[in-house]
Amino acid sequence: MIKTATYEGMCPWGVPSDALVEHHRALAAGGVGLTTVAYCAVSGDGRTFAEQMVMRPETVAPLRRVTGAVHREGGAASLQLGHCGWFTKNGSLSTWLPRGPSPVVNQYGISAGKPIALAMGEAEIAQVIEDFGRAAGLAREAGFDAVELHLGHGYLLSQFLCPATNRRRDAWGGELDGRARLPLAVLARVREAVGPGFPILCKTNLRDGFRGGLELPDSVGLAQRLEAAGADALVLSGGFTSRTPFYLFRGRRPLAEMIEAEKSRLQKLALRVFGGRVIREYPFEEMFFLPEAREVRKAVRMPLVLLGGIVSRANVERAMAEGFDFVALGRALIADPDLVNRMRADAAARSRCTHCNVCVAEMDLGGVRCVLDGPRAAG
Ligand SMILES: Cc1cc2nc3c(=O)[nH]c(=O)nc-3n(C[C@H](O)[C@H](O)[C@H](O)COP(=O)(O)O)c2cc1C
């Protein structure tokens, strides 16, 4: 049972706080086998917004407190490593404009003065590969039992994989082999940094969820390439945050809460005027990625993690019966950190999560939490 990465918002000035330690300790105490510390940028330019954690030598000691607390509860910890590419509203990049596979309009960055992005050059691509390797080495030093490479959700490696956002004509674009070249180079460099035997999970998209995006035949092909390249497990997800943000969650679209939580006035106005039209809602279903994930299951032998709308012990049993090796849960464990222990004791156990997605709208407001716990404490 894996706690999947859900951005905690518990790294003021990019430094992991006591709240982050307690958050993951409680999950391990609640029976989770492997808890994933969410989105750690591999470099300053890999941050979507400025408050995100960046892997630097100074981050190792505070992260060691997180892994120590998890280990004392008998759990294991994984660190999600990512780079946002052009999906950023971080005002303090090393270049004036963000970089990605191909030039693009970055609506998300307008208020931060980053409205367009440029294509990466060879040196920038080489730097990203190096940054992933260095960050993974530091994660191991911080006591993590695994790392998870973020290849999905419209971040840099997913931007490279997506045909609509990777229009390069060089060796880093084109057919799947070209578009998968950067994720595979990152995996190879990370393997070199952490050594053989250290678990590397990859979080991949089954589908991006929009026309021109990554589709199932390519995601199956990607899974086969990652298996051949020595990834230890795949966490199967989907969606492209800048275009289909609720494809990855399903359930209620919390537009009013998103408007309320937005700090930039310009972005608030844009959400008010266009939000209802551009942010699509997708109905919630239990185990919503199962049909597509089955296709990957048929194509590879490697361990696979089923994710998305797993809320009950019955769901977990079904996933195991379908041949998946692990399940990962996000919102169900935000709502009930002790759900795994309850599942162990009670065959009828299920999460109280209602997929209202307020935790998504408010994730940046001082620590991820479940709205069913009542009003947020002041301050
Ligand atoms: C508040 C919140 C924050 C999230 N942050 C991340 C993240 O940092 N990295 C990531 O890969 N996925 C993130 N996700 C997506 C989850 O990992 C997961 O893919 C999604 O919630 C579907 O799983 P679930 O139905 O079990 O919640 C986040 C989800 C939530 C609810």
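Strand 9 (residues 200-205) is largely enclosed by the rest of the structure, because six of its six residues are buried, where buried means under 20% relative accessible area, exposed over 50% and partly exposed in between, with a 1.4 Å probe and protein chains only. This is a predicted model, in which local features need pLDDT of at least 70 and side-chain atom pairs count only at pLDDT 80 or more, while totals for chains, interfaces and linings use all residues. Residues are numbered from 1 along each chain as its sequence is written, and side-chain values use heavy atoms, with hydrogens and water left out. Helices (H or I, at least four residues) and strands (E, at least two) are DSSP runs, numbered from the N terminus.

- Strand 8 (residues 146-150) pairs with strand 9 in the parallel sense over four bridges, two strands being paired if DSSP finds at least two bridges between them.
- Within this pairing, L149 stands opposite C202 in strand 9, and the bridge partner of V147 in strand 9 is I200.
- Strand 9 also pairs with strand 10 (residues 233-237), in the parallel sense and over five bridges, and here N205 stands opposite S237.
- Strand 8 is itself mostly covered, since five of its five residues are buried: A146, E148 and H150 lie on one side, and V147 and L149 on the other.
- Strand 4 (residues 76-82) pairs with strand 8 in the parallel sense over four bridges, and the bridge partner of S78 in strand 8 is A146.

**Ligand surroundings**

- The ligand is surrounded by 24 residues, of which the closest are A5, Y7, K203, G309 and R331; a residue is near a molecule or strand if one of its heavy atoms lies within 4 Å of it.
- The residues of this shell divide into 13 nonpolar, nine polar and two charged, where Ala, Val, Leu, Ile, Met, Phe, Trp, Tyr, Cys and Pro count as nonpolar, Asp, Glu, Lys and Arg as charged, and the others, Gly among them, as polar.
- Strand 2 (34-41) and helix 14 (358-361) each supply at least two residues of the shell around the ligand.

- Three strands form an open sheet in the order 5-7-6, with mixed pairing; its edge strands are strand 5 (99-100) and strand 6 (104-105), each of which pairs on one side only.
- Strand 5 and strand 7 (residues 116-119) pair in the parallel sense over two bridges, and G100 stands opposite A119 in strand 7.

**L266**

- L266 belongs to helix 9 (residues 265-278), and it counts as partly exposed because its relative accessibility is 48%.
- Leaving aside its neighbours within four places in sequence, L266 is in contact with I110 and S111, contact meaning heavy atoms within 4.5 Å.
- The C-alpha atoms of L266 and G30, which are 236 residues apart along the chain, are separated by 41 Å.
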